[in-house]
Amino acid sequence: MSYLQNKVQSFNANLGTVAGKISNKRTVVPLVKPASSPTPSAASDSSKNDLKRKRADLPHVPFSQPADTGVGTHIMTQVTYAIEHLKKREEPQTFASILEYLSMQTREESYKNALEKILIRHEKVNYEPKREGSPAVFSFRPVHNIRSAEDLLRYLQSQHTAQGLSVKELRDGWPDAEDAISKLEGEGKLLVTRNKKDNHARMVWPNDPSLNFELDDEFKAIWHKIKLPEPGALADELEKEGLTPANKHRLVKKPIKAQEKPKRKARAGGKTTNVHMAGVLRDYSHLKK
């Protein structure tokens, strides 16, 4: 047997030995089927359905309206309501009646005490402490303590100046003041200025009847016989006399000056460069204007 055949036999023997050691079992790995992606139309439909569910769960809130911030529960809001209540009531009110109007009977004592202290110190509230047989009361304090025609005449007659009284300030404590003002004006007891837009009373002054004088009919006739000049006639008469009326602006025309051309300045300190032609050139500078 040749050398080559021996090598082939040994290779085959080794190959059989190795093949026996290797297991013939094969592990089959199951193939995982990839999840099918939804089509674009199906995805959009599902997203729309989700949005509809979310919107249906949300409460309906009108965004044009402000959020509920507890308006009406703040103590200063209750003070404003209490002052408006006192303003409408002519007779003084007890603190218990004010609490009843505000529906604050069941509030805690600390809240009631704080509200009472604010009302006592408020500039628009008059406070009368408790006396024997009468409880403490609150009343509205207007700008002027005038609530009738008699009070108005008494107040105006006590003034030491000729300053009028504002009807707007008068209505602060007397809402029906304008009706009484019109009546007193018709009786000649008041002088009244009115707004041009709505003819409402604006300012009032006392009218002293002792200052009214009756004129004779003869004097009235003489006064009405005086003929007033036509509009513009007085201005023409003044211009004839060389005078200018006060309501006419005189335009003074200024003389127009002729524009003068700027003169050209002579060159000063120039350097002479043609010295070598001094005997040839002539000087004509004296002829320059």
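A charge is said to sit over a ring if NZ of Lys or CZ of Arg is within 6 Å of the ring centre and within 35 degrees of the ring normal. I begin with that definition, colleagues, for the case of arginine 107. The charged end of arginine 107 sits over the ring of tyrosine 111, at 3.8 Å from the centre of that ring. Please keep in mind throughout that this is a predicted model.

The largest nonpolar core has 16 residues. Ile98, Leu115, Leu119 and Phe138 are those with the most contacts inside this core. Which elements supply at least two residues each? They are helix H3 (75–88), helix H4 (95–102), helix H5 (109–121) and strand S3 (137–140). The largest share, five residues, comes from H3. Apart from this core lies another, of 15 residues, and among its members are Val167, Trp174, Leu190 and Val192.

Leaving aside residues up to four places away in sequence, leucine 115 touches Ile75, Gln78, Val79, Phe95, Leu99 and Leu102.

Phe95 leads me to the aromatic residues. A pair of aromatic rings is described by the distance of the centres and the angle of the planes. The structure holds two aromatic pairs. In one of them, phenylalanine 95 and phenylalanine 138 are tilted, with 6.2 Å from centre to centre and 50° between the planes. This pair links distant parts of the chain, since phenylalanine 95 belongs to helix H4 and phenylalanine 138 to strand S3, 43 residues apart. Are these two phenylalanines buried or exposed? Both phenylalanine 95 and phenylalanine 138 are buried.

Tyrosine 127 and phenylalanine 138 also form a tilted pair, at 5.0 Å centre to centre and with 45° between the planes. Here too distant parts of the chain are linked: tyrosine 127 is in strand S2 and phenylalanine 138 in strand S3, 11 residues apart. The accessibilities of these partners are as follows. Phenylalanine 138 counts as buried because its relative accessibility is 1%, whereas tyrosine 127, at 29%, counts as partly exposed. Taken together, the ring pairs link Phe95, Tyr127 and Phe138 into a cluster.

Strands S2 and S3 bring us to the sheet. It is an open sheet of three strands in the order S1-S3-S2, with antiparallel pairing. The edge strands are S1 (93–94) and S2 (125–128), each of which pairs on one side only. How many bridges join S2 to S3? Four bridges do so, and the two strands run antiparallel. Within this pairing, asparagine 126 stands opposite serine 139 in S3.

I come now to the charged side chains. Side chains of opposite charge can pair when their charged atoms come close. The structure holds nine salt bridges. One of them joins glutamate 109 to lysine 112, at 3.9 Å from N to O. Because these two residues are three apart in helix H5, about one helical turn separates them. Glutamate 109 counts as exposed at 52% relative accessibility, the cut-off for exposed being over 50%. Lysine 112, by contrast, has 12% relative accessibility and therefore counts as buried, since buried means under 20%.

Aspartate 151 forms a salt bridge with arginine 154, and the closest N and O atoms are 2.9 Å apart. Why are these two separated by about one helical turn? They are three residues apart in helix H6 (residues 149–157). Aspartate 151 is partly exposed, its relative accessible area being 25%.

A further salt bridge joins arginine 194 and glutamate 185, with 2.7 Å between the closest N and O atoms. Arginine 194 is partly exposed, at 26% relative accessible area, and glutamate 185 is partly exposed as well, at 29%.

Finally, two points on the backbone. Serine 103 has a phi near 60°, a positive value in a residue other than glycine. Where does serine 103 lie? Its place is the loop between H4 and H5. At 53% relative accessibility, serine 103 counts as exposed. Asparagine 199, which is not a glycine, likewise has a positive phi of about 60°. Asparagine 199 is found in the loop between strand S5 (190–194) and strand S6 (201–206).

Thank you for your attention.

Terms used:
Residues are numbered from 1 along each chain as its sequence is written. This is a predicted model: local features need pLDDT of at least 70, side-chain atom pairs count only at pLDDT 80 or more; totals for chains, interfaces and linings use all residues. Side-chain values use heavy atoms; hydrogens and water are left out. A nonpolar core is a set of buried Ala, Val, Leu, Ile, Met, Phe, Trp, Tyr and Cys residues joined through side-chain atoms within 4.5 Å. Buried means under 20% relative accessible area, exposed over 50%, partly exposed in between (1.4 Å probe, protein chains only). Contact means heavy atoms within 4.5 Å. Two strands pair if DSSP finds at least two bridges between them. Rings of Phe, Tyr and Trp (its six-membered ring) pair if their centres lie within 6.5 Å; planes under 30 degrees apart count as stacked, over 60 as edge-to-face and the rest as tilted. A salt bridge is a side-chain nitrogen of Lys or Arg within 4 Å of a carboxyl oxygen of Asp or Glu.
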